[in-house]
Amino acid sequence: MDLFELVNFYVVPGIVLGSIYALGAVGITLIFAILRYAHLAHGDLATLGAFIALAAVTGMGVSPYVALPIAVLGTAAVAVGIDKVFYEHLRERPKIVTVMASLGIALMIRAVVQVVWGVDTQTYSRGIVRPEDYFGIRIRDREIYTLLAMVVLVGVLQLFLTRSKWGKAMRAMSDNPNLALLSGIDNKKVVMLTWVIAGGLCAASGFFLGINTELKAMMGWHMLLPMFAAAILGGVGRVEGAVLGGLIVGIAEELSVLVIPSEYKAAMAFAILLFMLLVRPTGLLKGKVL
Amino acid sequence: MSALLSMENLTGGYGEADILQNVSLTVAQEEIVVIVGPNGAGKSTAMKSVFGLLTIRGGKMLFDEDDITGWAPNRIVQRGICYVPQVDNIFREMSIHENLEMGGFLKTGDLSAAYDRVYTLFPDLKERRRTMAGSLSGGQRQMVAMGRALMLDPKLLLLDEPTAGLSPKYMEQIFQICRDVRDTGVAILLVEQHAKQALAFADRGYVLAAGKNRHEGTGADLLADREVAEMFLGG
């Protein structure tokens, strides 16, 4: 196998998959940092986002990339709604209660998706897209868009967190919640903002998984473990860590096919997660200890 | 003399147990008042009660002609009392400047006057304002914590053991800063472990023991009091 083959069949798909994981992992890491629990409905929220985009494509006849912002807004609204209706009432209870509740929410979202859109696999557009050849490296347009969208969305998020007043308030709440409250930072607004961002990124993650593969009701659930592995690998609470973790998990999954049967690809994320928790639980970029 | 803060016969604690029993104290405008006493005397509790952090079961708290008994902390902050906890009193992963910005979070409009005021009091911080607060030394962290609390122009600053764990050199520096802060028109109520040094620098002091008022007076009077000396100043 030559280098081009390695890049074309393993590294490029790995980066694409990694970008998709990264979009989800950033949301997971933000929820971990600010609300301090593991959100198990994250994958299914991504599924919902992907199907909202599908509804826009089939219902309004727009192109998938026009449907993306609609899905982002819709999913963000759903995420805020779920928090208001369910999680908010559990805020004072032990965190494990909310974790379990989020598992229930995951099942609920999946059931809704199955009832509304059915259980068959679907796609945004039919037909085979031929990759373009860039000096021997073959890349499809949608693969470029996936990486680009991830970089832009995370870049904008980073700017928001480091430059704006409310972004800094989110960091303050993650850094020292008691002191944030003593400073008069409105906890409820910060929580809402966190859900808007996490929900929107979830939709983008589901959308890009859908456009690069296909849509099915279990698509998001299967991403949950790799997304958590990415968040913990990068360091909980670290946005740039979640991106790094996502890319590493994605590329590792694709490369693992070279040495283990492809049915076991998904075990790669689990292995990385386990290894990281044993060796360096704070993650590569030194995040919070859970 | 009209008091800025007056705590009258306060009884209360966390949960069911009453840690404070009929504690009374006052702080006048531009005055530094220190609460001292042996371990477990309820010093920090008394201070936290001002900030609405415990259950009050008797007595009342007046601040600047308002009855603030039972107010929530965020309302008290807006009314003009800022609190610096003893530990975890900075945002470690934010720069010095961002720490101050968070301190001024509730203020609408321009913060530049507030930044100027804090940076004038703490010139060291201005030079290093892009530095992560978590990488600073103990004394500098305390300055960041005080600076953060001063961003809202409080009338009263509550400091919980600001010199805990600091070297004598830094302790003197923190006390000097307290005087400077007072001279800009802010009253200070602080809890201190280093009773001797604190009484020597404060305008007035209260000695608490077992959750009750034991002695009160000017710092010099308390230092000269034999009973106070024997109680915990080490003779």
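Hi everyone. Let me start with a pair of helices in chain A: helix 9 and helix 10 are oblique to each other, where oblique is whatever remains once angles under 35 degrees are called roughly parallel, those over 145 roughly antiparallel and those from 65 to 115 roughly perpendicular. Before I go on, this is a predicted model, so local features need pLDDT of at least 70 and side-chain atom pairs count only at pLDDT 80 or more, while totals for chains, interfaces and linings use all residues. Residues are numbered from 1 along each chain as its sequence is written, and chains are lettered from A and ligands numbered from 1 in the order in which they are written.

Back to that pair. Helix 9 covers residues 224-234 of chain A and helix 10 covers residues 239-256 of chain A; their axes come within 7 Å and cross at roughly 130°. Axes here are lines fitted to C-alpha atoms, for helices over the stretch in contact, with angles from 0 to 180 degrees between N-to-C directions. Helices are DSSP runs of H or I with at least four residues, strands are E runs of at least two, and both are numbered from the N terminus. The crossing of helix 9 and helix 10 of chain A is right-handed, the term for a near helix turned clockwise from the far one by less than a right angle, with anticlockwise giving left-handed.

Which residues of helix 9 of chain A meet helix 10 of chain A? They are Pro226(A), Ala229(A), Ala230(A), Ala231(A), Leu233(A) and Gly234(A), and among their partners in helix 10 of chain A are Gly241(A), Gly245(A), Gly246(A) and Glu253(A). Contact means C-beta atoms, placed from the backbone, within 7 Å. By class, this contact of helix 9 with helix 10 of chain A has nine nonpolar residues, four polar and one charged. For the classes, Ala, Val, Leu, Ile, Met, Phe, Trp, Tyr, Cys and Pro are nonpolar, Asp, Glu, Lys and Arg are charged, and the others, Gly among them, are polar.

Now to helix 6 of chain A, which has several neighbours to talk about. Helix 5 (residues 141-163) of chain A packs against helix 6 of chain A at about 80°, with the axes 5 Å apart. That makes the two roughly perpendicular. On the helix 5 side of chain A we find Phe160(A), Leu161(A), Thr162(A) and Arg163(A), and on the helix 6 side Gly167(A), Met170(A) and Arg171(A). Those residues split into three nonpolar, two polar and two charged.

With helix 8 (residues 187-212) of chain A, the axis of helix 6 of chain A comes within 10 Å, crossing at roughly 100°. Helix 6 of chain A is therefore roughly perpendicular to helix 8 of chain A. Met170(A) turns up here too, together with Trp166(A), Ala169(A) and Met173(A), facing Asn187(A), Val190(A), Leu193(A) and Thr194(A) of helix 8 of chain A. This contact has six nonpolar, two polar and no charged residues.

So what happens between the chains? The contact takes 13 residues from chain A and 18 residues from chain B. On the chain A side, helix 6 (165-175) and helix 7 (177-182) each give two or more residues, and helix 6 of chain A gives the most, with five. That side of chain A has six nonpolar, four polar and three charged residues.

Over to chain B, which is divided into domain 1 (1-80 + 154-235) and domain 2 (85-153); such bounds come from an automatic or database domain assignment. Their centres, taken over C-alpha atoms, are separated by 23 Å. Domain 1 of chain B puts 16 residues into the contact and domain 2 of chain B twelve. Helix 7 of chain B gives the most to the domain 1 side, with six residues.

Last, the sheets. Four strands of chain B form an open antiparallel sheet in the order 2-1-4-5, where pairing needs at least two DSSP bridges. Strand 1 (residues 3-13) and strand 4 (residues 55-63) of chain B are joined by seven bridges, and Gly12(B) has Ile56(B) as its partner in strand 4 of chain B.

The other open sheet of chain B has six strands in the order 6-7-8-3-9-10, with mixed pairing. Strand 6 (81-84) and strand 10 (212-218) of chain B stand at its edges with a single partner strand each, so one side of each has no neighbour in the sheet. The twist averages 15° from one strand to the next. Strand 6 and strand 7 of chain B run parallel, joined by four bridges, and Ile81(B) stands opposite Leu156(B) in strand 7 of chain B.

Note on methods. Two residues are in contact if their C-beta atoms, placed from the backbone, lie within 7 Å.
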